[in-house]
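The entries below follow the order in which I looked things up.

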Number of protein chains: 2
Amino acid sequence: MEVVTVDLGDRSYPIYIGHGVLSSSDLLRQHIHGNQVMVVTNDVVAPLYLQKIVNQLQGFQCDTVVLPDGEQFKNLQTLERIYDALMDKRHNRTTTLIALGGGVVGDITGFAAASFQRGVNFIQIPTTVLSQVDSSVGGKTGVNHALGKNMIGAFHQPQCVLIDTLTLETLAAREISAGLAEVVKYGLIDDAPFFRWLEENIQGLLTLEDTPLRYAIKHACECKARVVAQDEKESGVRALLNLGHTFGHAIEAKCGYATYVRGEAVAIGMNMAADLSHRMGWLALEEAQSVGKLLLEIGLPIHPPESMSVEDFLSAMALDKKTVNQSLRLILMKNLGQSVMTEQFEEGLLRQTLSAGKSLCS
Amino acid sequence: MEVVTVDLGDRSYPIYIGHGVLSSSDLLRQHIHGNQVMVVTNDVVAPLYLQKIVNQLQGFQCDTVVLPDGEQFKNLQTLERIYDALMDKRHNRTTTLIALGGGVVGDITGFAAASFQRGVNFIQIPTTVLSQVDSSVGGKTGVNHALGKNMIGAFHQPQCVLIDTLTLETLAAREISAGLAEVVKYGLIDDAPFFRWLEENIQGLLTLEDTPLRYAIKHACECKARVVAQDEKESGVRALLNLGHTFGHAIEAKCGYATYVRGEAVAIGMNMAADLSHRMGWLALEEAQSVGKLLLEIGLPIHPPESMSVEDFLSAMALDKKTVNQSLRLILMKNLGQSVMTEQFEEGLLRQTLSAGKSLCS
């Protein structure tokens, strides 16, 4: 088993990564401090793993909430179901919420934990690649508003994160690919050697070979933990983790959250960021093309939907949280493996990227 | 003008207290750091002060939300109206929310600020005695759940608090009395000389005489600021500020939030706490009686509603946030001006207090 520590002073916590770690009840129980637990999951994950978790929690008051699966349910109404269950079962301030599932379950459960009685403990058990390498690490929690993703939420750190790579074996290929999009992101942010490693090892990751899989997840968690430790509340460097997200969120917002899963939208967004970075003269053509090539090998979409106009993009992007005093900031690449947040891009070139469609430089 | 500083490291902030401070636009403007402002108020306060505030905010994008007045609207649905307005007007992370009104407006606006885009700035302009001496200081924000008060929320500190004693002149006598209940509370917690000062000066406070009024508000804010600085997240001493609240919340929950305003419910709760403290042998009869006597002089109710049974109380109190691992904790008085949080009370004596009705020792 690998352990990565997220170093945040008195809010520090461990990430346990291994094949079969969910079968070790000690790991889970040692991070529960009261006598009440509420396991929150969804109707896809529940039949696979819920009973396994509940069985480990004998001796606790253990209640469960099973939410409908899907980003479209990541909203205040679903959040209220968790509050209702907590109140109905009389959970108090010492309760621990356990998020068992992907990023949606983690984000919504984390925000429930952040806000129930002004903050209770929680534990993340992410069961998808995406949530294992990204959303379960760093304490961002929240729900969507009809007009924008993750607009309502809090920073709230878990007690620990339990990553069992066994859970990935029940995922559809599409979900594995979507998760790997975020792994590629870490290479593009500040780690060109990791990007090159991914080019070499992508087939092993797609088939869930244990050794490369554990290496990639641990490396991604370490990268994220390092960035989060530097900038917990995203006032600076942490914003780089949003590479591809500004374009991606716009695509999700306009197409509905059901058309693309997040990693797919982020893949398109990263390819658009590479394209704009190339147009700005910051990224060589073959480097920009290598981004799209790797994403394609993973089986990800890399071109924006033809139905989206330049104005669709600009209107959705203006609502992005990275808009500061109404001037748009983007995460772009100054080199392969060296991303920056900047307002210094030419609007004309941005419009070229937004309208390029299948002619993106990749 | 008086200034009290709440000392919380990099989250420290000033409380300005004075007659007419709302007419000084500099005070307000110096605490707004972006170029967007959302003023949240209710339909009673809006006609009195909203235009005055908006006039001071020329040069900012200044939007407003007017909520319906009343504790019964302190819920997730009303909170969503604030999110909707912020999204509709495209407020970004640098926006400042201004809470203009009593405790309900302050609590709900504070939670909107805590959770919008995972936290934006806010400023409190409390316009009632209760909110000036209690809820606007200390960073507790939140909304009610149908099954319990303040069950959903966050700790989120404002940039500053602006207290204009002029705003009290438009209050009904009932609201002034309710606010003074919380002022009495500070005397009972740890300040017997202040309790005695209140006995001497209560008539001047009821008629809003400037000198005693400013002294009492400043003294109450200092007391609260001191306690909050010691214990921001209420893991210990801060819980003493809930004197009377456990009984009071039970009364509000069972009678509906519209029957008693909070200070009235807390007054009854403090009198019940004094009664139980006397039954425990901790508080002399004449001291317990002096609590009820002062509250009566202020015009507050001191007896629980006859419709409430012992079981009604116990059932509501079991949901109180001060329930730790399902054993009930109460704030009781070991002496006049010396309160403690304790599980060490006899259930039989608690039942006597809960069933005493008009026979409470006061």
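Predicted model: local features only at pLDDT ≥ 70, side-chain atom pairs only at ≥ 80, totals over all residues.

**Entry 1: end of a helix in chain B.** With that definition I looked just past α13(B) and found B:Gly357, which takes a positive phi of about 55°. The helix itself spans residues 347–356 of chain B. I then asked which residues of α13 of chain B are buried. They are B:Leu350, B:Thr353 and B:Leu354. These three lie on the same side of α13(B), because they cover an arc of only 95° around the axis. The general rule is that an α-helix has 3.6 residues a turn, so residues three or four places apart point the same way. I next looked for what covers the buried residues of α13(B), and the cover includes α10 (262–279) and α12 (310–317) of chain B.

**Entry 2: nonpolar core.** I looked up the largest nonpolar core, which has 216 residues. Which of its residues touch the most other members? I found A:Val40, A:Ile98 and A:Ala273, together with B:Val40, B:Ile98 and B:Ala273.

**Entry 3: two domains of chain A.** Chain A is divided into domain 1 (2–170) and domain 2 (173–359). I noted 26 Å between the C-alpha centres of these two domains of chain A. Where they meet, 29 residues of domain 1 of chain A are in contact with 30 residues of domain 2 of chain A. On the domain 1 side, β1 (2–6), β2 (13–18), α5 (129–135) and β8 of chain A each supply at least two residues. α5(A) gives the most to that side, with 5 residues. Sorted by class, the domain 1 side has 13 nonpolar, 10 polar and 6 charged residues.

**Entry 4: chain A against chain B.** How many residues does the contact take from each chain? I found 33 residues from chain A and 33 residues from chain B. On the chain A side, the elements that give two or more residues are α3 (76–88), α4 (103–115), β7 (140–145) and β8 (148–155). The largest share of that side, 6 residues, comes from β8(A). By class, I have 13 nonpolar, 14 polar and 6 charged residues for the side of chain A that touches chain B.

Technical notes
Residues numbered from 1 in each chain as written. Chains lettered and ligands numbered in written order. Contact = placed C-beta atoms within 7 Å. Helix = DSSP H or I, 4+ residues; strand = E, 2+ residues; numbered from the N terminus. Nonpolar A, V, L, I, M, F, W, Y, C, P; charged D, E, K, R; others polar. Buried ≥ 20, exposed ≤ 12 C-beta atoms within 10 Å, placed from the backbone. Arc of directions from axis to C-beta. Core = buried A, V, L, I, M, F, W, Y, C linked by C-beta atoms within 7 Å. Domains from an automatic or database assignment.
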